[in-house]
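Hi,

Here is the structure I promised to pass on. Have a look at it first, and my notes follow below.

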Amino acid sequence: MFIRRKRNSTGSVSIQVIDKSSGRYSVLRSFGIGRTEAELQHLEALARQYIAEKTGQSGTLFPEDGDMLTEEFVFTLSNSSLQVIGPELMFGRGVCFCPFSTCNNITSKKLTAYFIRTRM
């Protein structure tokens, strides 16, 4: 089943629920005629509700309420509630895996030269 917008000769649009079974299209129900986009959206909402009742579907796969819960959760986060998982957690703070003796002495020239040599 699907919803079809059918243009009429008068310029209005009909909203219909169509079923294609055994290779033929059949109109299950016509929901009315609309001329404005607001009217058409209202009729399509009624048609979606009709399809959900006929097919036995209770809702959508991804409900919109979940978005609200996610946003509420994200807004409650702060830096103190986050934990970095990486080399610091496994090896402790202050461990550096760069080829230089200490990370504090690195200049941009040394770093650039190192990256140029490693790409060659």
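Let's start with Gln16, which touches Phe2, Ile3, Arg4, Lys6, Val27, Arg29 and Ser30, leaving aside residues up to four places away in sequence; contact here means heavy atoms within 4.5 Å.

Before the rest, some ground rules. This is a predicted model, where local features need pLDDT of at least 70 and side-chain atom pairs count only at pLDDT 80 or more, while totals for chains, interfaces and linings use all residues. Residues are numbered from 1 along each chain as its sequence is written, and side-chain values use heavy atoms, with hydrogens and water left out.

Back to Gln16: this residue is in strand S2 (strands are DSSP runs of E, at least two residues, numbered from the N terminus). Gln16 is buried, at a relative accessible area of 10% (buried means under 20%, with a 1.4 Å probe and protein chains only). Arg4 sits opposite Gln16, and their side chains are joined by a polar contact of 2.7 Å. That term means a pair of N or O atoms within 3.5 Å; within protein, one must be able to donate a hydrogen and the other to accept it, and residues adjacent in sequence count only if both atoms are side-chain atoms.

Now the strands. S1 (residues 2-7) pairs with S2 (residues 13-21) in the antiparallel sense over 6 bridges; pairing takes at least two bridges found by DSSP. Their hairpin has 5 residues between the strands, and Gly11 in the turn has a positive phi of about 100 degrees.

S2 also pairs with S3 (residues 24-34), antiparallel over 9 bridges.

Cheers

Definitions and conventions. Helices (H or I, at least four residues) and strands (E, at least two) are DSSP runs, numbered from the N terminus. Buried means under 20% relative accessible area, exposed over 50%, partly exposed in between (1.4 Å probe, protein chains only).
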